Amino acid sequence: MSLAEQALTLPVPEAGCAVAGVLLRPDEATWLLVLAHGAGAGMCHPFMEDLARELAACRVASLRYQFPFMEQRRKRPDPPAMLTATVRAAINGGREAAPDLPLLAGGKSLGGRMTALWLDDAPASQEAAGVRGLVFVGFPLHQPGRPAAQRGAHLSRVAVPMLFLQGTRDRLADLPLMRQLCATLGPLATLHVVETADHSFHVPKRAGKSDAAVLRELAGTVRAWADSAC
């Protein structure tokens with residue numbers, strides 16, 4: 001398999017800046033996933049880079065990108081309006097960079113949640129119209145150790161298929177509450193549970209598999225879900 005990597009600059013007018021992006025495209029790619037990072041680490045974190053390469057092995061191209069706060073090395077995430085504006089810029093950038101590929105969007109933790117908020121705010125817009133599905137890599141349903149479901153309420157207004165990749169030890173997503181949320185969302189929601197994985201998809205030695213194997217599982221699940229649900 002050969003890979004083409006392209007550095008992108010994504011203007012975010014609402015933020016008065018531009019952010020960096022990286023398109024990783026395998027030959028014979030069949031999907032493009034616009035993939036946002038979480039609150040604690042940017043697009044160059046090993047988790048994001050390794051996930052992108054596992055996706056590529058499954059013939060899923062990815063566009064990873066920075067939020068302004070990460071680009072500017074600030075610890076505090078940007079306001080939601082700025083985050084969702086960045087999501088919009090990245091999705092438009094992905095559409096321009098790979099116009100031949102059907103489009104998925106989502107991200108790790110905060111990035112996935114902000115992608116869904118953007119889609120909720122712009123369900124009928126031209127930009128949103130091409131998004132075939134949402135991928136949540138550890139949806140942050142609540143504060144650590146404080147189970148609640150309010151953060152998922154807006155997902156009932158999302159009209160595209162949604163894939164939730166969740167670990168059983170994720171302290172930001174009580175699994176019974178996640179199951180309840182997905183049941184409420186009906187056939188649009190698919191929940192894939194990774195046993196013993198935490199919010200970072202790290203698994204303990206007793207799990208009998210490595211973190212690298214978990215990433216392969218996540219990527220393979222994205223591909224299979226996209227082919228069948230989107």
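## Surface and charge

The protein chain has an accessible surface of about 10100 Å², and 53% of that belongs to carbon and sulfur atoms. Accessible areas come from the Shrake-Rupley method with a 1.4 Å probe; for residues, only the protein chains shown count as cover. This is a predicted model, in which local features need pLDDT of at least 70 and side-chain atom pairs count only at pLDDT 80 or more, while totals for chains, interfaces and linings use all residues. Residues are numbered from 1 along each chain as its sequence is written, and side-chain values use heavy atoms, with hydrogens and water left out.

The chain carries 24 positive and 21 negative charges, whose mean positions are 6 Å apart. Lys and Arg count as positive and Asp and Glu as negative, with His and the chain ends not counted. Each charge is placed at NZ of Lys, CZ of Arg, CG of Asp or CD of Glu.

## Overall fold

The protein chain contains 7 helices and 8 strands. Helices (H or I, at least four residues) and strands (E, at least two) are DSSP runs, numbered from the N terminus. The C-alpha trace spans about 40 × 40 × 35 Å along its principal axes.

Of the 230 residues, 54% are buried, meaning under 20% relative accessible area; exposed is over 50% and partly exposed lies in between (1.4 Å probe, protein chains only). Among contacts with a separation of 6 or more, 72% are between residues 24 or more positions apart. A contact means heavy atoms within 4.5 Å.

## Strand E7

E7 runs parallel to strand E6 (residues 131-137), joined by 4 bridges; Leu-134 has Met-162 of E7 as its bridge partner. E7 also pairs in the parallel sense with strand E8 (residues 189-194) over 6 bridges, where Gly-167 is partnered with Val-194 of E8. Two strands pair if DSSP finds at least two bridges between them.

## Two residues with positive phi

Arg-59 is not a glycine, yet has a positive phi of about 65°. Arg-59 sits in the loop between helix H1 (46-57) and strand E4 (60-65), and is partly exposed at 31% relative accessible area.

Phe-201, also not a glycine, has a positive phi of about 60°. Phe-201 lies in the loop between E8 and helix H7 (211-229) and counts as buried, with 3% relative accessibility.
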